[in-house]
Amino acid sequence: MEVKITVNGRPLKREISPDLMLIDFLRNNGYTSVKRGCETSNCGLCTVHLNGIPVLSCSTLALRADGHNVTTLEGMQEKAKEIGGFIADEGAEQCGYCSPGFIMNIIAMENEWKSENKTSASEHEILSYLSGNLCRCTGYMGHLRALKKYFASQGIEITPKLEYTDDYTGKVK
Amino acid sequence: MANYIEEPKVDISKFKAVNNSFRKKDALALTSGKPVYTDDIASKDALIVKLLHSPHAHALIEDIDVSRALMVPGIECALTYKDVPDKRFTIACQAYPEPSNYDRLILDRRVRFVGDPVAIVAGEDEKAVDKALKLIKVKYEVLDAVLDFRKSKDNEILVHPEDGIKTNPFFPEQIKRNIVFYGETEYGDVNEEFSNCDYVLERTYHTVQNNQTPMEPFTTFANLDPYGRITIVSSTQTPFHVRRIIANALDIPKSQVRVVKPRIGGGFGAKQSSVSEMYPAIVTLKTGKPSKIFYSRTECFSVGSPRHEMEMTVKIGSTKDGKIRAMELHTLSNTGAYNEHGSTTVGLTATKSLSLYGRIPAQKFSFDVVYTNKVPSGAYRGFGATQGVFAIESIIDELASEMKFDPVKLRELNLLTPGEAVFMYENKPVNTCNLDKCIAKAKDLIGWDSKYPRKDMGNAKVRSVGLAMAMQGSGIANIDVAGVEIRLSDHGFYHMNVGAADIGTGSDTILSQIACESLGCTMDDIVVSGVDTDVSPYDAGAYASSTTYITGMAVVKTCEKITDQILTQSARMLGVSKDILEFDGKKIFTIKGADSEYKELSLFDLAAQTGSGSVDMISASESHFSEYSPPPFMVGAVEIEIDKTTGKVDIIDYVGVLDCGTPINPNLVRIQAEGGIAQGIGMALWEDVQFNAKGKLLNDSFMSYKIPSRLDIRNVRIYLEPTYEPTGPFGAKSVGELVINTPCPALANAIANATGVRLRELPMTSEKIMMALLCTQ
């Protein structure tokens, strides 16, 4: 069957099988930032936006996106660079395989917060929103440091505030 | 034999490139989702390869019929045991000759665990392949299986009854007893020492087959190059070993295989076995077409290469003043259906645990590694040390509790010290060790003195603290070799080609920092590339915590040669003697006080001349090898809160204090440490591995195998107490594996301090804590 899916602003008309998953549609069309890490909707690696809302593309039929807008990290390169810079400054991308899905979900969270004119949020809100994005390399602490700094740069204060500690003495700077 | 070298006094704050937290060179490519991983760069026309897995733990294939599968449109081939070379090999990625048995075929008539591949199907698309897999008819003669590793030795059921398995080291005859490796070693007289002890304790600990779960599943793409050679692009930690293994598996010359490592989505040891490469390799060899395999997460669990399950029995004795006199460890290790890393992991249960107490009068270690009809195990970060440290650091607390002695003081009284030979550590002295400082810092940071052993919070909640020490190696002494090549380009920057595999840790960046420090240049002046086995110099690979220490020294040595050549060629250009020249990274100049007039030459001008022929090209290659593997050390201290009505454990605070030598990149050291601790916490508390009665793995997805999420890991703090290792690059030791070792015993000790319940089997789930609590009430 034929579908028309707009990916990153570009309309794609494609003949697909009705059981094709959105992740396969996207990867087959060259959007390889969308990663696969499981078959049970647990890992968050395949997160994309469907009409601005984060979805797991591994468990969304491509058909569901017919006539709708899909955004992948390829369509958010500026944001990826900005958020990625904060993550990189902590060395917290490590293998990087979970980064695209993770950053797509961060962007979704930020968009929600900004639409609510939020100026502060708790650490727990971040962790809850992003808990479906698994990472096996970093132990998550570096992500949290990066996000506290990133949101501070966006005018959203995360509480409790980040304590900048010295690696050698443990003293708060 | 390496001799003791006293720690030099070096101010590491003077370094310009090392001891600095540079961003990883590939960071922004990764975070912006560029196509850099195997499946992103595999050609679009690659055949899809999938495997048919055995439903039985042990069976013989009586008949297998693929004729209907081949009738599915788009199917290119369906291979069975009849189609593969009848020559056994190992998929353990280790330096040749591999200390693992050559006990595998690509496909075998005998299947030895639930999941053992039975057929390989390749076709144009996934749907066709899935359909074809269902149409393969297999008739099995189902055999009894050995599932309990405690009953495997001398069982009448043999996992490998076949003859002619090549073994290293030795003992081929033991395979007919289901034994892979066994042995014992002792110094002093443990029995004599035990008889002089006031307290003697014996306990048994059990760890399970944890899965590494790198986020990128096993992925391999195979193609033929213009010369008809097999080119493998694969998610591997060990490109050079994969080259050998694929040649062995396909029974073709090694010159006919090329392995390319792109960016890798994590490994943690999983990809130190050549799990997925052979399947597309044989498909491409047979069909002449490109092909790829991408494991499902279920396959990563059920046919991956998890941690070795081990049972460790420890006996320990002390006098009442806290002097430990003797320790004895017996380890039984389950290698599963094939022996990958079985013979080598077992030793680390002793060498990296008993050595923490390396100066006590007597120690003994004995071991058996056995085959079973379960998932074959492999390498997982820590590599046996994790299991051994869990047992040893648990029993230290158990002994202290029995003696009514402070468990930290018991450690302090018996710690190894620099300069003293450590028998279990190849009888070599340790150059650098800050364990005493690490203990003091960890105690201080966790607030030990005010929190030990427990505090009742009311409301059925109890808080407590627990502590454990750990060590690891830095590379494999006398085995690991790494090569590095550096060329000065005609524009004055350097091209550095490494065989070391950056699997996400940032080793390309770390090695560049070492080169920058050596050559006095900037990070942008170093272009780093690797790995392509046709082009890169040999490197053992990313395992055994070796890259920073071993490859890092190869970088230092190569840079020394480059500097020497720069001076030689500059002397030619300037018409002066080389002896009076100095190089500061940017220019070459005559030293002050030289008889001749001052002359200088910029590196750029020198480099430009290498492109026009008036001076020789500047390029050098060096390799490094070490007779000594300096151990990094660590202390982990945890504060937990247990809900006594549910058994739920919350981590209030986890402090890791490390002596990893000079941190080449402190950010990356911290991330390694935080990540390792998180994995260790998962192993300690949640990551369960259960099999049904027929040997089928039950925890084969993220639904049933719970790895930590960001809601579980919120309070991990890392601090460094660095020594300066004289044999390492700018004082560095290793960090990658060490960091997974403390959570299991630290948490077991904290749980015991909170509840009085001692758990000796992992994972220490809420259910187990609750059941144990109910038994004590």
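Modeller: The side chain of Gln237(B) comes to 2.9 Å from the backbone nitrogen of Gly269(B). A polar atom of that side chain also lies 2.7 Å from the backbone oxygen of Ala542(B). This is a predicted model, in which local features need pLDDT of at least 70 and side-chain atom pairs count only at pLDDT 80 or more, while totals for chains, interfaces and linings use all residues. Residues are numbered from 1 along each chain as its sequence is written, chains are lettered from A and ligands numbered from 1 in the order in which they are written, and side-chain values use heavy atoms, leaving out hydrogens and water.

Gln237(B) is placed in the loop between strand S10 (230-234) and helix H6 (239-250) of chain B; helices (H or I, at least four residues) and strands (E, at least two) are DSSP runs numbered from the N terminus. With a relative accessible area of 3%, Gln237(B) is buried (under 20% relative accessible area; exposed is over 50% and partly exposed in between, with a 1.4 Å probe and protein chains only). Leaving aside residues up to four places away in sequence, the residues that Gln237(B) touches (heavy atoms within 4.5 Å) include Gly267(B), Phe268(B), Lys271(B), Ala501(B), Ile503(B) and Gly541(B).

Charged pairs come next. A salt bridge is a side-chain nitrogen of Lys or Arg within 4 Å of a carboxyl oxygen of Asp or Glu, and the whole structure holds 63 of them over all chains. In one, Asp659(B) meets Lys733(B) at 3.1 Å, N to O. That pair links distant parts of the chain, 74 residues apart: Asp659(B) is in strand S28 (residues 649-659) and Lys733(B) in the loop between S29 and helix H18 (743-755) of chain B. Asp659(B) is buried at 0% relative accessible area, and Lys733(B) is buried at 2%. Salt bridges that share partners also join Glu93(A), Lys24(B), Asp26(B), Arg263(B), Asp502(B) and Asp508(B) into one network.

Nine salt bridges run between chain B and chain A. Among them, Asp40(B) pairs with Arg27(A), with the closest N and O atoms 2.7 Å apart. Asp89(A) and Arg23(B) meet in another, at 2.8 Å, N to O. Asp89(A) lies in helix H2 of chain A and Arg23(B) in the segment before H1 of chain B, so this pair joins two chains. Asp89(A) is partly exposed at 41%, and Arg23(B) is partly exposed at 35%.

Aromatic rings also pair across the chains. Rings of Phe, Tyr and Trp (its six-membered ring) pair if their centres lie within 6.5 Å, with planes under 30 degrees apart counted as stacked, over 60 as edge-to-face and the rest as tilted. There are 15 such pairs over all chains. The ring centres of Tyr97(A) and Tyr37(B) are 4.9 Å apart and their planes stand at 90°, so the pair is edge-to-face. Tyr97(A) is buried at 3% relative accessibility, and Tyr37(B) is buried at 2%.

Technical notes. Polar contact = N/O pair within 3.5 Å; in protein donor to acceptor, adjacent residues only side chain to side chain.
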